[in-house]
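Good morning, and thank you for coming. Please look at the sequence and the structure, and we shall then turn to the salt bridges.

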Amino acid sequence: TTLADAERMAERLRSDVESARLDGAAEDAHLSASFGVVELTAADPDSESLLKRADDALYRAKREGRNRVVVG
């Protein structure tokens, strides 16, 4: 899986969550999701580094308005 594939998958998930409707919820209730997507590189010394970059991308998505995919 490439980074572009992972970004497309995250966007599909984000879109599916956004279009989901909850039984019994008010009509104006909606869900959203933000995703941070990164690629493992040789510069990552361990999994903690990878997770930190993904977390940073996730919080950037939230700061930029939520309900989006950000590639870090």
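Predicted model: local features only at pLDDT ≥ 70, side-chain atom pairs only at ≥ 80, totals over all residues.

Which side chains meet in a salt bridge at 2.9 Å, N to O? They are those of Asp56 and Lys52. A salt bridge here is a side-chain nitrogen of Lys or Arg within 4 Å of a carboxyl oxygen of Asp or Glu.

Residues are numbered from 1 along each chain as its sequence is written, and side-chain values use heavy atoms, with hydrogens and water left out.

By the salt-bridge rule, the count comes to six. Side chains of opposite charge can pair when their charged atoms come close.

Let us return to the pair with which we began. Asp56 and Lys52 are about one helical turn apart, because they are four residues apart in helix α2 (residues 47–63). Helices are DSSP runs of H or I with at least four residues, numbered from the N terminus.

Next, Glu11 pairs with Arg14, their closest N and O atoms lying 2.7 Å apart. Both belong to helix α1 (residues 3–19), with three residues, about one turn, between their positions. Arg14 is buried, at 9% relative accessibility, whereas Glu11 is partly exposed, at 33%. Buried means under 20% relative accessible area, exposed over 50%, and partly exposed in between, with a 1.4 Å probe and protein chains only. A network of salt bridges links Glu11, Arg14 and Glu18.

Finally, Arg60 and Glu64 form a salt bridge at 3.2 Å, N to O.

How values were computed: Helix = DSSP H or I, 4+ residues; strand = E, 2+ residues; numbered from the N terminus.
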